[in-house]
Amino acid sequence: MLKAIIFDMDGLMVDTEIISFQCYKDIIESYGFNFTKKEYIEDYPGKSVISSMNFIKNKYNIDFDTDEKINQFKILEEQYLLKNSVELKKGLIQLLKYLNIHYYKTIVATSSGKERAERILGEHNLMKYFNGIVCGSEVEHGKPAPDIFLKACDKLNVEPEEALVLEDSEAGIQAASEAKISVICIPDMKFPQEKYLKKVEHVYDSLEDVISYLEMKKDISK
């Protein structure tokens, strides 16, 4: 029986991926390299900042202090967030209200830091819809490892087979699959490759489509 819904944050609930792209672009191009949206889409969505910074160091053979670059990323992101309020994804509020009415447990599982996540969610007063939050700093291995989703199940006191993950990224799909949790994908900047499509229950255009899926599951279980 499905008891809990686990939400990714960036790219799924809030439209922040374009801001992350711009921050990485500013950092990478400061070293004289070109950085395109296609490159961002290929390697960065769903990953933690520390993972992405280490990836940048290796890919471009740049010697920098990772902690300093993470701090630079946060400063850049703060500047972009101050210029532009983060928009909610289509269907989010409708889905959250549905889940609340039907007594599903809900939790956010994000690679983001806790302070950042709480700020973005708090800006739209979203935490009232959730039973908790799990951030990247709380687990040893980030997505695509399963740690964060297994931690979410522990916090909600549910088994993996009693949960459903909502994700937009390939890293998140892989993490849910490794955790043995069913996953639905609502793509953001990139439509998943075939090998990831094989791991999902469905791919939907927006979060509001998840309501129909849940209604179908209820009918089947009767």
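This is a predicted model: local features need pLDDT of at least 70, side-chain atom pairs count only at pLDDT 80 or more; totals for chains, interfaces and linings use all residues.

Me: How many aromatic pairs does the structure hold?

Reply: There are 11 aromatic pairs. Rings of Phe, Tyr and Trp (its six-membered ring) pair if their centres lie within 6.5 Å; planes under 30 degrees apart are stacked, over 60 edge-to-face, and the rest tilted. One of the pairs is phenylalanine 35 with tyrosine 44, edge-to-face at 5.4 Å centre to centre and 85 degrees between the planes. Phenylalanine 35 and tyrosine 44 are both buried.

Me: And what about tyrosine 44 and phenylalanine 55, how do their rings sit?

Reply: Their centres are 5.6 Å apart and the planes are at 90 degrees, so that pair is edge-to-face. Tyrosine 44 is in the loop between helix H2 (37–43) and helix H3 (49–60), while phenylalanine 55 is in helix H3, so the pair ties together parts 11 residues apart in sequence. Helices (H or I, at least four residues) and strands (E, at least two) are DSSP runs, numbered from the N terminus.

Me: Is phenylalanine 55 buried, partly exposed or exposed?

Reply: Phenylalanine 55 is partly exposed, at 31% relative accessibility. Phe55 and Tyr44 belong to one aromatic cluster with Phe21, Tyr24, Phe35, Tyr40 and Phe73.

Me: Switching to the sheet: what's the strand order?

Reply: S3-S2-S1-S4-S5-S6, an open sheet of 6 strands with parallel pairing (two strands pair if DSSP finds at least two bridges between them). Strand S3 (133–135) and strand S6 (202–203) are the edge strands, each pairing on one side only. Strands S4 (163–167) and S5 (182–185) run parallel and are joined by 4 bridges. Valine 165 stands opposite valine 183 in S5.

Me: Which strands does H5 touch?

Reply: H5 packs on the sheet against strand S1 (4–7), S2 and S4, with its direction at about 155 degrees to that of S1. Axes are lines fitted to C-alpha atoms, for helices over the stretch in contact, and angles run from 0 to 180 degrees between N-to-C directions; contact means heavy atoms within 4.5 Å. Helix H6 (114–123) packs on the sheet too, touching S2 and S3, and its direction makes about 140 degrees with that of S3.

Me: Where is tyrosine 104?

Reply: Tyrosine 104 is in the loop between helix H5 (92–101) and strand S2 (105–110). Tyrosine 104 is buried, at 12% relative accessible area. Beyond neighbours within four places in sequence, its contacts include Leu2, Ile5, Tyr98, Asn131 and Lys218. Asparagine 131 is 27 residues away in sequence, with 9.7 Å from C-alpha to C-alpha.

Me: Last one: how many disulfides?

Reply: 0 disulfides (a disulfide is a pair of cysteine sulfur atoms within 2.5 Å). The closest cysteine sulfur to that of cysteine 23 is in cysteine 135, 18 Å away and too far for a bond. Cysteine 23 is buried at 0% relative accessibility.

Terms used:
Residues are numbered from 1 along each chain as its sequence is written. Side-chain values use heavy atoms; hydrogens and water are left out. Buried means under 20% relative accessible area, exposed over 50%, partly exposed in between (1.4 Å probe, protein chains only).
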